[in-house]
Amino acid sequence: EEVEDASEPTKRDRSHLESTLKLNEDKPADDFSGVLQRLRKIYHSSIKPLEQSYRYNELRQHEITDGEITSKPMVLFLGPWSVGKSSMINYLLGLDDTPYQLYTGAEPTTSEFTVIMHGPKLKTIEGIVMAADSARSFSPLEKFGQNFLEKLIGIEVPHKLLERVTFVDTPGIIENRKQQERGYPFNDVCQWFIDRADLIFVVFDPTKLDVGLELEMLFRQLKGRESQIRIILNKADSLATQELMRVYGALFWSLAPLINVTEPPRVYVSSFWPQDYHPDTHKDLFLKEEISLLEDLNQVIENRMENKIAFIRQHAIRVRIHALLVDRYLQTYKDKMTFFSDGELVFRDIVEDPDKFFIFKSILAKTNVSKFDLPNREAYKDFFGINPITSFKLLSQQCSYMGGCFLEKIEKAITRELPDLLGSIGLGKKPNILSCDITGCGETPKNRYRKP
């Protein structure tokens with residue numbers, strides 16, 4: 001009996017998890033209901049009218065729902081099969097040896113997209129139910145079809161961390177299987193979650209560093225989201241020090257062609273599961289790395305409102321650019337049309353070669369838009385193939401006496417309303433430093449260089 005007890009793996013101390021993620025604190029979470037209400041109002045009154053009028057959703061396939069505005073930060077776990085994604089979630093939430101622990105194993109185990117969220121009691125929710133509930137942020141997933149909804153599952157857990165964040169576990173990438181065999185557009189679904197994730201953990205195993213076509217495709221989808229990506233080299237305590245250094249170098253060698261940025265993403269080297277670290281390994285290093293990752297996660301939770309407002313503002317900028325482009329296409333079409341012209345031929349000429357009519361260049365010249373924010377001109381061929389140009393109105397005609405002009409309202413939201421809302425959160429967080437009593441922010445600033 002004594003021998004058997006000694007052979008059982010000892011569990012790791014979880015005190016650093018609770019202290020870093022502030023799970024023991026009884027203080028109530030920040031109440032941002034007023035800010036969310038204001039954000040929702042700005043979106044519905046200033047951004048959505050232009051979005052619907054110019055059918056932005058058909059160009060980007062991105063529609064923002066009320067559930068998405070009020071949703072918690074989302075942490076997405078991606079990576080090859082059996083690298084420890086589900087084990088990591090079990091470890092962070094302490095789900096091991098409970099009825100609701102995520103199933104783990106050496107073979108590919110997770111075949112569903114699993115959303116782990118907060119609830120009053122342990123409960124499983126079918127994907128069809130999640131998509132039907134408009135109060136949740138997952139209702140847009142219905143567009144991926146019933147086959148996908150059968151592969152979507154929600155788990156509600158009464159855990160303090162989940163009051164502030166939602167975890168999403170994804171099926172592992174299997175290089176030797178065609179993604180089409182899954183029966184739903186796997187890459188499109190991944191893109192949907194990537195677009196909405198506040199933090200993306202790409203997990204690797206020291207024995208699975210080969211980069212194939214599927215992983216290459218995944219990193220292509222992550223382009224532009226480099227600031228949210230964190231690379232995790234998991235199961236690090238299974239290797240000797242010298243071997244671990246070689247694997248770390250090999251990981252960078254494999255990923256270098258895929259992540260084309262000046263500053264590489266942060267890499268965490270540790271072992272994220274409840275068993276104690278293997279003896280004769282760098283326990284102190286692994287613990288420090290784990291605490292750094294937890295601090296990173298905590299930072300995302302703390303900045304959730306700032307990220308949400310920035311996300312809505314970025315969406316508003318894209319909607320505005322789209323409206324300006326459609327307006328320019330329409331204006332060019334009206335200018336080129338004569339009594340004897342064939343409307344279809346005229347517009348085909350404009351869509352095939354917009355540069356001949358300076359459509360994109362005129363937007364850059366006349367408005368405060370960066371050339372890096374302009375969408376792909378090829379996308380507008382498909383867009384106008386579905387939506388005839390004559391079905392749109394010019395921006396100058398999108399005004400009413402009571403409601404004002406759509407373009408003016410979205411520009412006001414981008415330049416004033418959303419930045420002011422962001423500023424109000426900062427004031428709320430540090431009243432002692434940034435209060436108007438001290439800074440006199442209500443006064444008009446004086447020009448010290450003006451002669452009296």
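**View 1. The crossing of helices H13 and H16 is right-handed.** In this predicted model, helix H13 spans residues 304-336 and helix H16 spans residues 377-386. The two helices pack with their axes 13 Å apart, at an angle of about 70 degrees. Because angles of 65 to 115 degrees count as roughly perpendicular, H13 is described as roughly perpendicular to H16.

**View 2. Side chains at the contact of H13 with H16.** From H13, the residues His322, Leu325, Val326 and Tyr329 take part. They meet Tyr380, Phe383 and Phe384 of H16. By class, the residues of this contact comprise 6 nonpolar and 1 polar, with no charged residue.

**View 3. The largest nonpolar core, with 51 residues.** Tyr329, Tyr380 and Phe384 have the most contacts inside this core. Two or more residues each are given by helix H3 (33-53), helix H4 (56-60), H13, helix H14 (343-352), helix H15 (359-366), H16 and helix H17 (406-429). H13 provides the largest share, 14 residues.

**View 4. The surroundings of Tyr329.** With neighbours within four places in sequence left aside, Tyr329 is in contact with Phe347, Ile350, Val351, Pro354, Ile359, Phe360, Tyr380, Phe384 and Ile389. Tyr380 and Phe384 are also among the H16 residues that meet H13.

**View 5. A second, separate core of 48 residues.** Ala131, Phe148, Ile173 and Val267 are included in this core.

Notes: Residues are numbered from 1 along each chain as its sequence is written. This is a predicted model: local features need pLDDT of at least 70, side-chain atom pairs count only at pLDDT 80 or more; totals for chains, interfaces and linings use all residues. Side-chain values use heavy atoms; hydrogens and water are left out. Axes are lines fitted to C-alpha atoms, for helices over the stretch in contact, and angles run from 0 to 180 degrees between N-to-C directions. Helices (H or I, at least four residues) and strands (E, at least two) are DSSP runs, numbered from the N terminus. Angles under 35 degrees count as roughly parallel, over 145 as roughly antiparallel, 65 to 115 as roughly perpendicular and the rest as oblique. A crossing is left-handed if the near helix is turned anticlockwise from the far one by less than a right angle, and right-handed if clockwise. Contact means heavy atoms within 4.5 Å. Ala, Val, Leu, Ile, Met, Phe, Trp, Tyr, Cys and Pro count as nonpolar, Asp, Glu, Lys and Arg as charged, and the others, Gly among them, as polar. A nonpolar core is a set of buried Ala, Val, Leu, Ile, Met, Phe, Trp, Tyr and Cys residues joined through side-chain atoms within 4.5 Å. Buried means under 20% relative accessible area, exposed over 50%, partly exposed in between (1.4 Å probe, protein chains only).
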